[in-house]
Amino acid sequence: MKNLMKIVPALAFAAGVQAFSPALADSHSEMSCGMNTGKAATGEPIKVGGINGNAPPGDFSGGTDAAAAYFACVNANGGINGRPIEYIVENDQWNPELAGQVGTKLVKDEGVVALVGNGSVVSMAVNAKLYADEGVMAMASACAISECYESSNIVSTNQGPLPSGIGALKFAIEELGTEHAACIGFNIPNNGGWACDWMNRYMESKGKKGTSILMDPTAVDLNSVYLQALAERVDTILLMLPAGPAIGLLKVAEEQGGRDLFKWVSPTPIYEPGVGEVLGDYWSGHLYVNIELAQYDSDGADNRNWAAVTAKYGKEGDRLDTFSQSGFISAKFFTDALLTLDPDKIDRATVTEAIKGIVGVESDLLCGPYYVGDADRHMPNHAGRMVVYKDGGFETVRDCYDIDTAYLDPIREQEKALGLSQ
Amino acid sequence: MIQTLSRNNLIILVVIVAAIWLLPLVLNSLWIKVVTSAVIFGLAAAGISVLFAQLGLINLSQIALVGIGGWVLLRLNYATGLPFTISLVAGGIITAIISSILALPALRMRGLYLALVTLMTAGAFQIIFNAFQFPNGGEGFWGVAQQSAGAFRRPLIAQSDVSYLRYVLTVAALCIAVAGVHRLTTPGRAWAMIRQSEANAMAAGIDVTFFKMWAFALSGFMAGIAGGLLAGALQQLDARTFVASDSILLFALAIVGGVYHWLGALIAGLLFKLLPALFNDFGVSADLTLVIFGAALLHAIMTAPRGIAGQILSGFAGLVKHRETSHD
């Protein structure tokens, strides 16, 4: 745990250094936010909420950081037809009681019209019913639990551990020859338990073997987890963890010379610009990561806009990871939906209807069209890319590809009904 | 003096009952949730007070017992169609039984050694909660499925947060009243004698083993009820809520609040949940409350052994006496 506490701030610092791509960060001229008027909005503020989970053992604040930057940019460029967005962000600190309190505060006391950029491991579980009861939508960005993808009023732009983890395993089976994978996650039923359970089903469906190794999130013991993986005789390790613990486990393996004993794959959390400074050369060419959105140095218009907006409007120390991209694009889709409304008739009901009316919008950050619709569950993003960690950065080894799992059956039905697939 | 104290108790009781019905009307949604949590943990603190004030026994496993009560309520909620209140009482009774079994080592231990044993118990339950998690609608004994939690049933009369706060206040008041009745009747007299001298108590014909286990059972019952109420408040539970260190903190706050009066337990609950929430709302790290709690504990140990409640009650009694003297 001490190792972990050292790594997390180091990574946060590295991620906060906004010099990861000077070319992108300098592209202010390409910045585009909302109405692009260049004049600050001065009307009656529109209250929007956001909840992140930022405390040991993980920091999921990238989504709200980027959403805050985008909304600041929107407000400086005419707002929502003259009305600025007042973005209120709360931190649930991985505490279910606190998550319930801040959710209630935002939805009932502050009367937010929607929540955008949310990222947490506990908040969605505690507040999913509240959102449904109060008719408020949450356009989340850094979701990691089942409630995010199985609730009527939550739609997340990031894939979450299930598609991203299966995406990583699909690559591992097809390209690395994986036969038996260990899914290492937190022992939280709707997080590590849920995701690793579906990993194992996926492995079985491919005639392979999967083993869950779940650890106590309050007492992370990475050495014992590593030894357990050795004892299970797996050939692949899937790091179903937030960035801090995942890097901690890689460090344990490095100390014990364990790199070549396994194939190492991970879902998206470990994909951060500053990760090279922490991992060093040892892992170069040996760590494969499924990324849920585009590479952070990709050349698409939305990605360049994300880099420019976060460089100009972000705060020092903001995380610039996949969840940041996700928060940015969530905020953009949200803003675009609000701009279709009469500014005098913006309230929770009209905003919820506008969000549910989002169907088939596209972004270079995503592999497929984004949609919400009126459904009992949402998972618009389930196709990702695969990158390999190399020389302190990441190189794409497989571009956009989807996954095949029974979990997506109801999602595929929705997409057919909305005319987004055949 | 007794008459004065009784009258003071009555006045404070009236104020608290009025607060029960007025608080939900004046608090906003955030503070309704916070006060609900504060009252729940105040009830758990009242259980600590029963053992410490009556028998001088230190129990550092109260948060674990709260978790047990919550576990039972969740399990019954998902496995049966029992009304919430029945499940709540069942959780309290099962926790009382477990607590009285855990009391067995206490029959021969006091002070630091008992504190260590109960703390290790809390640690053991922390591991169990983390390993097996809380029921969420799954099958089998543990009732845990690797999925989202199933639908939870609150009491029919307490569906909203406001009505649930009133429900919690009412249940807490009833439990504290039960503890008060114990204090004034045979168990209370037996506990007082045991505290003075176990040998004398045995010589007087008191079954020391039985009454000690009874005290642990009552304390556990209150913790179990608190756990069930917490499960109802959150509509799910997470193992991270029941770490062993929080048992130490709650015990310390029970001392700060005052273990010799039920008002002290309420103060302990408010300190435990309200103060961190205030800090969070002001954007200040809630960890700072630990510094304040440490200073408050030192203050209580050195200058206010009856806690904040004792100071309030003494001040109130002095005020009444002063007024009576003035009238005379």
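Me: Which residues point one way from S10(A), and which point the other way?

Reply: A:Thr236, A:Leu238 and A:Met240 point one way from S10(A), while A:Ile237 and A:Leu239 point the other way. In a regular strand the side chains alternate between the two faces of the sheet. The model is predicted, with local features needing pLDDT of at least 70 and side-chain atom pairs counting only at pLDDT 80 or more, whereas totals for chains, interfaces and linings use all residues. Residues are numbered from 1 along each chain as its sequence is written, and chains are lettered from A and ligands numbered from 1 in the order in which they are written.

Strand S10 of chain A covers residues 236–240; helices (H or I, at least four residues) and strands (E, at least two) are DSSP runs, numbered from the N terminus. Five of its five residues are buried, a word that applies if 20 or more other C-beta atoms, placed from the backbone, lie within 10 Å of a residue's own.

Turning to the neighbours, two strands pair if DSSP finds at least two bridges between them. Strand S8 (residues 180–186) of chain A pairs with S10(A) in the parallel sense over five bridges, and A:Ala182 stands opposite A:Ile237 there. Strand S11 (residues 263–266) of chain A also pairs with S10(A) in the parallel sense, over three bridges, with A:Thr236 opposite A:Lys263.

Definitions and conventions
Buried ≥ 20, exposed ≤ 12 C-beta atoms within 10 Å, placed from the backbone.
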